[in-house]
Amino acid sequence: MSDASRRLSLRLSRQEMILILITMIWGGTFLVVHRAVQYSGPFFFVGLRFATAALLLAFFFRRYLAAMTLTEIKAGSLIGVAIAGGYGLQTWGMQTISSSQSAFLTALYVPVVPLLQWLFLRRPPGLMAWLGILLAFSGLMLVAGPQEGRISLNAGEIATLLSTLAIAAEIILISRYAGKVDIRRVTLIQLAVASLCAFCFMVPNGESIPTLSLPLLFSALGLGAASALIQVTMNWAQRSVSPTRATVIYAGEPVWAGVVGRVAGERLPAAALLGGALIVCGVIVSELRFKRKKAEQPVTTPLE
């Protein structure tokens, strides 16, 4: 009986297996973005990517759009601005850092969320959140390549770290409006607003519209479809997958990004790999809860 129970505990549900597959796809998108910015400015590419995703969702969800409410427009717009800032800065950063570095640094959004909740919502982090933050910060020091006892960050790493604040803000906003809006309409609005904002960000960044080459178009179309698929699948799967188990699965995203990057020829030093492992551990630990605590709040992940 004991052996059977152990075997049962290791089994994955259909939803969890699909989330693992989605996380693998999600991790692979970092390398695609890294290659795509060779053909386009970062904000134009982000705008094109999310415009594609919005058009796809508009086609599939067109019969639900008539019932759109002002609350959904407000929620989708705020979330869309956060998405544009998060993925715009992340993509800008990939001009000077590898896709593997970007993935590990982006994962810091998970331990950043409790800090922002403490700052803006007066909800202090719990013990496990603090431990996760400590592990993640230790990992950051290794990924960033400390020199002579100090952290040495280049422009791409700084931009990626700033992107985690926007992604964390996106999560908090989604949690605030959860249960008050239709996820199909809000997802469409946030993708459309993210696209519009990204195109607007081209002006201060000094970008011009690039030549629409086949690699650029295929990358934007592929990532647009992936963004739509990932978001819809996560919303479906997390109805039956607990927040902690989902977060553990999502923590594999930078690992898969690192695997894909290594296959493509990227090489991170041993210290950076150890730092990436600490960041992943920090992500997992920050989402653990003691059994005596109340039921967990739903975890919402950013679009990718």
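This is a predicted model: local features need pLDDT of at least 70, side-chain atom pairs count only at pLDDT 80 or more; totals for chains, interfaces and linings use all residues.
The protein has 13 helices and 0 strands, and buried residues account for 50% of its 304 residues.

**Overall layout**
- Reading from the N terminus, the elements go α-α-α-α-α-α-α-α-α-α-α-α-α.
- Take the contacts between residues at least 6 apart in sequence: 90% of them join residues at least 24 apart.

**How H3 sits against H9**
- Two packed helices are described by the angle between their axes and the distance between the axes.
- Helix H3 covers residues 42–60 and helix H9 covers residues 183–205; their axes come within 8 Å and cross at roughly 160 degrees.
- Angles over 145 degrees count as roughly antiparallel, so that label goes to H3 and H9.
- The crossing of H3 past H9 is left-handed.
- On the H3 side, the residues that meet H9 include Phe 43, Phe 44, Leu 48, Phe 50 and Leu 57, along with Gly 47 and several alanines, among them Ala 51 and Ala 54.
- H9 brings residues including Leu 188, Leu 191, Phe 199, Phe 201 and Met 202, and also Thr 187, Ser 195 and Asn 205.
- Sorted by class, this H3 contact with H9 comes out at 19 nonpolar, 4 polar and no charged residues.

**How H5 sits against H12**
- Here the partners are helix H5 (residues 99–106) and helix H12 (residues 253–263), with axes that come within 8 Å and cross at roughly 175 degrees.
- With the cut-off for roughly antiparallel at over 145 degrees, H5 and H12 therefore get that description too.
- From H5, the residues in the contact are Ser 99, Ser 100, Ala 103 and Phe 104, and they meet Pro 254, Val 255, Ala 257, Gly 258 and Gly 261 in H12.
- By class, the H5 contact with H12 splits into 5 nonpolar, 4 polar and no charged residues.

**A closer look at Ser 219**
- You'll find Ser 219 in helix H10, which spans residues 214–237.
- Ser 219 has 15% relative accessibility, and since buried means under 20%, Ser 219 counts as buried.
- A polar atom of the Ser 219 side chain lies 2.7 Å from the backbone oxygen of Pro 215.
- Setting aside neighbours within four places in sequence, Ser 219 is in contact with Val 32, Ala 36 and Phe 45.

How values were computed:
Residues are numbered from 1 along each chain as its sequence is written. Side-chain values use heavy atoms; hydrogens and water are left out. Axes are lines fitted to C-alpha atoms, for helices over the stretch in contact, and angles run from 0 to 180 degrees between N-to-C directions. Helices (H or I, at least four residues) and strands (E, at least two) are DSSP runs, numbered from the N terminus. Angles under 35 degrees count as roughly parallel, over 145 as roughly antiparallel, 65 to 115 as roughly perpendicular and the rest as oblique. A crossing is left-handed if the near helix is turned anticlockwise from the far one by less than a right angle, and right-handed if clockwise. Contact means heavy atoms within 4.5 Å. Ala, Val, Leu, Ile, Met, Phe, Trp, Tyr, Cys and Pro count as nonpolar, Asp, Glu, Lys and Arg as charged, and the others, Gly among them, as polar. Buried means under 20% relative accessible area, exposed over 50%, partly exposed in between (1.4 Å probe, protein chains only). A polar contact is a pair of N or O atoms within 3.5 Å; within protein, one must be able to donate a hydrogen and the other to accept it, and residues adjacent in sequence count only if both atoms are side-chain atoms.
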